[in-house]
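This briefing is meant for a reader who is meeting the structure for the first time. Please keep the sequence and the 3D view at hand while going through the points below.

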Amino acid sequence: MSVERDRSNLPPLSLHVPEPKFRPGDTADFSDFDIPAAGAARRPDTAEPASGFHELSYSLVRVLDEAGNAVGPWDPKLDGETLRKMLRAMALTRAFDERMFRAQRQGKTSFYMKSTGEEAVAVAATMALASDDMCFPSYRQQGILVTRGYSLVDMMNQIYSNSADPLQGRQLPIMYSSKATGFFSISGNLATQYPQAVGWAMASAAKGDSRIAAVWCGEGSTAEGDFHSAMTFATVYKAPVILNVVNNQWAISSFSGFAGAEATTFAARAVGYGIAGLRIDGNDALAVYAATQWAAERARTNQGPTLIEHFTYRAEGHSTSDDPGQYRSADESSAWPLGDPIARLKQHLIHLGEWDEERHAAQDLELAEQVKAAQKAAEKNGVLGHGMHQPFETMFEGVFEEMPWHLKEQCQQMIDERKAAGI
Amino acid sequence: MARMNMIQAINSAMEVMMARDPDVVVMGEDVGYFGGVFRATAGLQAKFGKTRVFDTPITECGIIGVAVGMGAYGLRPVPEIQFADYIYPALDQLVSEAARLRYRSAGDFTSPITVRSPFGGGIFGGQTHSQSPEGIFTHVSGIKTVIPATPYDAKGLLIAAIEDNDPTIFFEPKRIYNGPFDGHYDRPSKNWSQHPAGEVPEGYYKIELGKAATVRSGEAVTILAYGTMVHVVLSTIEELGVDAEIIDLRTLVPLDIEAIEASVKKTGRCLIVHEATRTGGFGAELSALVQERCFYHLEAPIERVTGFDTPYPHSLEWAYFPGPVRIGEALKKLLKD
């Protein structure tokens, strides 16, 4: 039974629509941003139940301090060679991004997406996985392919949709696929790879395999229903999967508040599902490595899934089709308090005496040359727009394992039409 | 050989395939311990264990997304969607992922999944237990759509679908799970025990996908149907004494166009019958194909008897359902000169 009441004295309801702190023209100021100290977060046992992760899911696991020291229980204590390999893969990813962004501006391809500022999230995580663990990336983890040594030329062939494109010109640039590299086919549809990764991990467990799955999505994509279904499946079956949420603060023009970040963290959602949730400094390659290593051990010992929120910043535009100057402060990127992942790892290596400025500068030059050489090789196979690089009949192949009559007929129709038109 | 109704035949197909191939897994809401709300998976978990036959959370996008991931690993999942009316939350995974995976990865990854789902009306199921959404899937390149009309076909087609390396939607006409339905809702139901197609081999056999079945040969008119409607049209033409040729399509994509073309060229007339709503339904595609290929043989406009373009009603079901009266009137029009 409802109570009728006089509403005349009630204040009107108001609808809360989130608004980012800084818009174009504003001076970005993160001085009130509370950064937990490096080394402060505890490192639980990998068998600890999800209910114990409340604090860790609201904190920030950090290993590298402001001076470049690796501190605290999460320090993975990597040797100089491993650290240099990590730095190199991150720098190579950035050099590749720079070059391909320019190639798009030169009209050699239709589209590109950089991962600037987020290199650690892909590179360090991949290094902490076994080479045969399956990665289910979103479109901003090109660092996985770079780390696993996938051919830069083939990445570019795909970007150019040329005659050597492994995907035969069917896919939008950067939607790579390489089963041999443990890199699942990228889809334009957001978050679909989340339940797929859980399914892959369940299959591995059901078969008594030892391989695990890792999946990435942005914080914006966590709003998709597939995120929820994946979390539910992952917890129900204790799937051996690492669920990475790359919180780079922006989903195109929408700040993370539109994915719910004003009220909670993304890592904290894990705890509600009964999944271990870690929130880490995504610009700290050692924190990314350590958290992934921890989650991999948890998965491999049948303790179930882990969600890792990588707190980072999308330093550049969403894509080559985007101008972030239209919706966010121009200096937000440089003011971002967690810095640059490459600069921070470099500082650490120098601090350890394992690296120096000269070697770094030389490496940057070498990597730029490597990318340039790869580009030259790829462009020999053609660039987008310079005619068709694949026989047009290939368009009809691979829809099904065997081509059914209606596709054969449509293919023939196309051949006939082109012949009649004199093409 | 054994006597089976359609549920038992479907159950048998899964049992046969699970025994033959350790990569076949069955999953869905209530399919495990309980054996499915229609009993289609009864006994499978007890026989093959919980890691091969398991209950899932109530999330259709999750069920199909997980199945796609299992398929990418190398398994051959047979997910169940409890009612076709509830397949929509999984549309993104089916259309954007399962259907496109082979194409977009240039064969690097594939999606050998078979999605089973009860569909169709005639059971007072109302709006959300009666729908026939096959036209949504026939429109998607990369998916095969299969609909059996008998226990014998159901088992043979399901085995073929599970073995097929492409994603397949396998719609099961729940009105004829227990027996063929002649469209006369006011008469006692028949069961499969008296029907020749209720005789089903216990072991392995398959029916090639993409091949129609000529249920009855005739000269006066070609009737294209599938699922429950095969039995409704058969009974109706026998009552009316029409010498119709009835083609049970069995597979909608890829379609057996040769069988259709040969029949319509012989009879010169074509009636298309399906329960699904008319506009944009699969009947429109059939009509266009027949028109394009058999134009000079046609002696009358192609007729379609379908569900109306309304949500499936509850109490008005028998006015909505394309039953004997509506089929009879369409045949009169088709055969008048």
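Helices (H or I, at least four residues) and strands (E, at least two) are DSSP runs, numbered from the N terminus. By that numbering, Asn5(B) is placed in the loop between strand 1 (2-3) and helix 1 (6-20) of chain B. This is a predicted model, in which local features need pLDDT of at least 70, side-chain atom pairs count only at pLDDT 80 or more, and totals for chains, interfaces and linings use all residues. Residues are numbered from 1 along each chain as its sequence is written, chains are lettered from A and ligands numbered from 1 in the order in which they are written, and side-chain values use heavy atoms, with hydrogens and water left out.

- Asn5(B) is buried, with a relative accessible area of 16%, where buried means under 20% relative accessible area, exposed means over 50%, and partly exposed lies in between (1.4 Å probe, protein chains only).
- Leaving aside neighbours within four places in sequence, Asn5(B) is in contact with Pro151(B), Tyr177(B), Asn178(B) and Trp192(B), contact meaning heavy atoms within 4.5 Å.
- The side chain of Asn5(B) also reaches the backbone nitrogen of Ile7(B), at 3.0 Å.
- Tyr205(B) lies in the loop between strand 8 (199-200) and strand 9 (213-216) of chain B, and Tyr205(B) is buried, with a relative accessible area of 10%.
- Not counting residues up to four places away in sequence, Tyr205(B) touches Pro151(B), Tyr152(B), Lys155(B), Gly156(B), Ile159(B) and Val200(B), and a polar atom of the side chain of Tyr205(B) lies 2.6 Å from the backbone oxygen of Tyr152(B).

**Where chain B meets chain A**

- The contact takes 44 residues from chain B and 45 residues from chain A.
- About 3600 Å² is buried between chain B and chain A, with carbon and sulfur atoms giving 62% of that area; buried area is the accessible area (1.4 Å probe) that two parts lose on being put together, summed over both.
- On the side of chain B, Tyr73(B), Tyr103(B) and Arg104(B) lose the most area to chain A, together 23% of what that side buries.
- Across this interface there are 23 residue pairs in polar contact (both at pLDDT 80 or more), a polar contact being a pair of N or O atoms within 3.5 Å, of which, within protein, one must be able to donate a hydrogen and the other to accept it, while residues adjacent in sequence count only if both atoms are side-chain atoms.
- Helix 3 of chain B supplies the largest share of the side of chain B that touches chain A, namely ten residues.
- Two salt bridges are counted between chain B and chain A, a salt bridge being a side-chain nitrogen of Lys or Arg within 4 Å of a carboxyl oxygen of Asp or Glu.
- Lys207(A) forms a salt bridge with Asp23(B), and their closest N and O atoms are 2.7 Å apart.

**Salt bridges within the chains**

- Over all chains, the count comes to 43 salt bridges.
- Asp133(A) and Arg300(A) meet through their side chains in a salt bridge (2.6 Å, N to O).
- Asp133(A) lies in the loop between helix 3 (119-128) and strand 1 of chain A and Arg300(A) in helix 9 (residues 285-300) of chain A, so this pair ties together parts that are 167 residues apart in sequence.
- Within that pair, Asp133(A) is buried at a relative accessible area of 0%, whereas Arg300(A) counts as partly exposed at 35%.
- In chain B, Arg116(B) forms a salt bridge with Glu80(B), the closest N and O atoms being 2.9 Å apart, and both residues are buried.
- A network of salt bridges links Arg62(A), Glu66(A), Asp281(A), Asp284(A) and Arg344(A).

**Paired strands of chain A**

- Strand 1 (residues 134-136) of chain A runs parallel to strand 2 of chain A and is joined to that strand by three bridges, given that two strands pair if DSSP finds at least two bridges between them.
- Strand 2 also pairs with strand 3 (residues 241-247) of chain A, in the parallel sense and over six bridges, and here the bridge partner of Trp216(A) is Asn244(A) in strand 3.
- Strand 2 (residues 213-218) of chain A is mostly covered, with five of its six residues buried.
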